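Dear colleague,

Please find below the structure that I am handing over to you. My notes on it come after the model.

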Amino acid sequence: RRIAVSAAGPVTDLVTAGAAALIATAASGTWADIAYQVALGAYLGALFNLNPLLDRDGYHILVDLLRQPGLRARSRRRLQLRLAGRPVPDDLPPLVGMYAIAALGWLLGCACFAILMSTRYYSVLTQLTGRREIVWGMFGIFYVLLFLPILLSVGRPLLMRRNR
């Protein structure tokens, strides 16, 4: 039942997207453009909701399928223990660790994508500010903030391991 409830939102998004896509192909002019935008937004919403690495419907479906309550917190704990060089309790199966690595990979991929997209605005920002140093300073702050969650989740346990 819980899986069906969690899947209802993404299924609704997909049905809405499909209907809007059909309207976009049948219509012309402004109505086709509007229907296309609705379809695109609904498809992206469904993909976003089905992503099991975010705390959305896909995550709850995965938790119920694997019967691993608190998967996100337990996976982080397992990864931190492994990185800190401490023993991992038996109640944390390797699958939980794989989820933590996948979530970390997702964060890294999103951060790299954001960096790639930010470089597209370099010339516009340089023209607006008139100085490349200001733009690179802003980018530097932005990049540090992007990687801060990754550095904290990996760096802190590694420092604990080093200090032991």
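This is a predicted model: local features need pLDDT of at least 70, side-chain atom pairs count only at pLDDT 80 or more; totals for chains, interfaces and linings use all residues.

Residues are numbered from 1 along each chain as its sequence is written, and side-chain values use heavy atoms, with hydrogens and water left out.

Salt bridges. A search of the whole structure finds two salt bridges (a side-chain nitrogen of Lys or Arg within 4 Å of a carboxyl oxygen of Asp or Glu). One of them joins the side chains of Arg 2 and Asp 64, at 3.1 Å from N to O. This pair links distant parts of the chain, with Arg 2 in helix H1 and Asp 64 in helix H3, 62 residues apart. Helices are DSSP runs of H or I with at least four residues, numbered from the N terminus. Arg 2 is exposed, at 58% relative accessible area, whereas Asp 64 is buried, at 17% (buried means under 20%, exposed over 50% and partly exposed in between, with a 1.4 Å probe and protein chains only). Glu 133 forms a salt bridge with Arg 131, and the closest N and O atoms are 3.4 Å apart. Arg 131 is partly exposed, at 47%.

Surface patches. Patches consist of residues with over 30% relative accessible area and no salt bridge; like charges are joined within 9 Å, and nonpolar side chains (Val, Leu, Ile, Met, Phe, Trp, Tyr) within 5 Å. Accessible areas come from the Shrake-Rupley method with a 1.4 Å probe, and for residues only the protein chains shown count as cover.

- A patch of positive charge gathers Arg 77, Arg 82, Arg 86, Arg 161 and Arg 164 (Lys and Arg count as positive; His and the chain ends are not counted; the place of an Arg charge is CZ). Arg 77 belongs to helix H4, residues 71–84.
- A nonpolar patch is formed by Ile 3, Leu 65, Leu 66, Leu 95 and Met 98, with about 430 Å² of accessible area together. Helix H3 (57–66) and helix H5 (94–118) each supply at least two of its residues.

Individual residues. Met 160, in helix H7 (residues 132–163), is in contact with Ala 84 and Arg 86, leaving aside neighbours within four places in sequence (contact means heavy atoms within 4.5 Å). Thr 126 lies in helix H6 (residues 122–129) and is buried, at 18%.
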